[in-house]
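Please read them with the structure open.

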Amino acid sequence: MKPTAFLSAAVLALICGVHASALAAPETYTIDSGHTFPRFSYNHMGLSTQLSRFSKTTGTVVLDKAAKTGSVDVVIDMKTVDTGLAVFNGHIQGEDFLDTAKYPTATFKSTKVVFDGDKPTAIEGDLTIKDVTKPVTLKIASYVNTVHPMLKRDAIGADASTVIKRSDFRAGKYAPNVGDEVTISIAIEAVKQ
């Protein structure tokens with residue numbers, strides 16, 4: 001290749017690269033409530049690990065893949081707690097625990113999404129339960145960004161988890177007999193708007 005042709009090709013590649021990155025923009029994904037379920041587990045009197053979930057979650061995920069930045073905004077309907085037993089669902093929603101009459105939702109709002117290469121590995125943010133806000137870090141165990149096989153639209157999926165103390169959120173009754181540490185894990189799917 002002649003020097004002038006090589007120089008022209010290099011300049012063209014540089015212009016295309018700059019143009020492509022200028023076009024890159026944040027993309028917004030809507031959480032699929034039918035496939036997004038926050039779960040929580042805790043030790044019950046040293047006998048077993050109990051696992052429950054919330055059945056309704058809404059929110060958005062914003063990703064700028066080129067800039068490797070993002071944000072996550074999640075609202076959990078605390079009245080949809082599912083322990084597997086209706087009587088216990090009511091007990092968990094009482095004043096000593098979730099107090100859903102006063103605080104029907106919990107929220108997570110990210111402050112930073114940490115990337116390793118092209119994949120997010122952690123989401124730092126603020127978790128609010130019962131009007132108490134604490135910083136938490138959700139560690140991402142798996143992450144996929146692909147075309148949804150049925151919807152034929154860009155979609156993301158992830159599994160993430162963190163550990164909190166329920167007493168930090170004014171829900172510590174019966175601790176330590178019923179474990180104060182609670183593992184929160186969330187399976188999330190979201191589809192591009």
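1. The largest pocket holds about 840 Å³ of space. A pocket here is an open set of points on a 1 Å grid over the protein atoms alone, where a 1.4 Å probe fits, with protein on both sides within 12 Å along at least five of seven lines. Grid points are joined across faces, edges and corners, and the volume is the space filled by probe spheres set on the points. The lining comes to 46 residues, a lining residue being one with an atom within 4 Å of a point. Nearest the centre of the largest pocket lie Arg 39, Phe 40, Phe 54, Ile 129 and Ile 184.

2. Make-up of the lining. By class, 37 of the lining residues are nonpolar, six are polar and three are charged. Ala, Val, Leu, Ile, Met, Phe, Trp, Tyr, Cys and Pro count as nonpolar, Asp, Glu, Lys and Arg as charged, and the others, Gly among them, as polar. β10 gives the most to this lining, with six residues.

3. Basis of the values. This is a predicted model, in which local features need pLDDT of at least 70 and side-chain atom pairs count only at pLDDT 80 or more, while totals for chains, interfaces and linings use all residues. Residues are numbered from 1 along each chain as its sequence is written, and side-chain values use heavy atoms, with hydrogens and water left out.

4. Overall fold. The chain has two helices and eleven strands, in the order α-β-β-β-β-β-β-α-β-β-β-β-β along the sequence. Helices (H or I, at least four residues) and strands (E, at least two) are DSSP runs, numbered from the N terminus. Of the 193 residues, 37% are buried. Buried means under 20% relative accessible area, exposed over 50%, and partly exposed in between (1.4 Å probe, protein chains only).

5. Strand pairing. Which strands does β3 pair with? β2 (residues 37-44) and β3 (residues 48-54) run antiparallel and are joined by six bridges; two strands pair if DSSP finds at least two bridges between them. Across this pairing, Asn 43 stands opposite Thr 49 and Ser 41 opposite Leu 51. β3 also pairs with β6 (residues 81-82), antiparallel over two bridges, and there Arg 53 faces Asp 82. β2 in turn pairs with β11 in the antiparallel sense over five bridges, with Ala 187 as the bridge partner of Phe 37.

6. Arg 53 lies over the face of Phe 37, 3.9 Å from the ring centre. The criterion is that NZ of Lys or CZ of Arg is within 6 Å of the ring centre and within 35 degrees of the ring normal. Phe 40, Tyr 42 and Phe 54 are linked by ring pairs into a cluster. Phe 40 and Phe 54 are also among the residues nearest the centre of the largest pocket.

7. The whole structure contains three aromatic pairs. Phe 97 and Tyr 174 form a tilted one, at 6.2 Å centre to centre and 35° between the planes. Rings of Phe, Tyr and Trp (its six-membered ring) pair if their centres lie within 6.5 Å; planes under 30 degrees apart count as stacked, over 60 as edge-to-face and the rest as tilted. Phe 97 is in the loop between α2 (86-92) and β7 (105-116), and Tyr 174 in the loop between β10 (154-165) and β11 (181-192), so the pair ties together parts that are 77 residues apart in sequence. Phe 97 is buried at 11% relative accessibility, whereas Tyr 174 is partly exposed at 45%. Phe 97 and Ser 167, 70 residues apart in sequence, are 9.3 Å apart C-alpha to C-alpha.

8. Backbone points to check. Most residues other than glycine have a negative phi, and most peptide bonds are trans. Met 45, in the loop between β2 and β3, has a positive phi of about 55° although it is not a glycine. Arg 170, in the loop between β10 and β11, also has a positive phi, of about 60°, and is partly exposed at 44% relative accessibility. Pro 176 lies in the loop between β10 and β11, and the peptide bond to Pro 176 from Ala 175 is cis, with omega near 5°.

9. One further contact across the chain. Ile 76, in β5 (residues 69-77), is buried at 13% relative accessibility.
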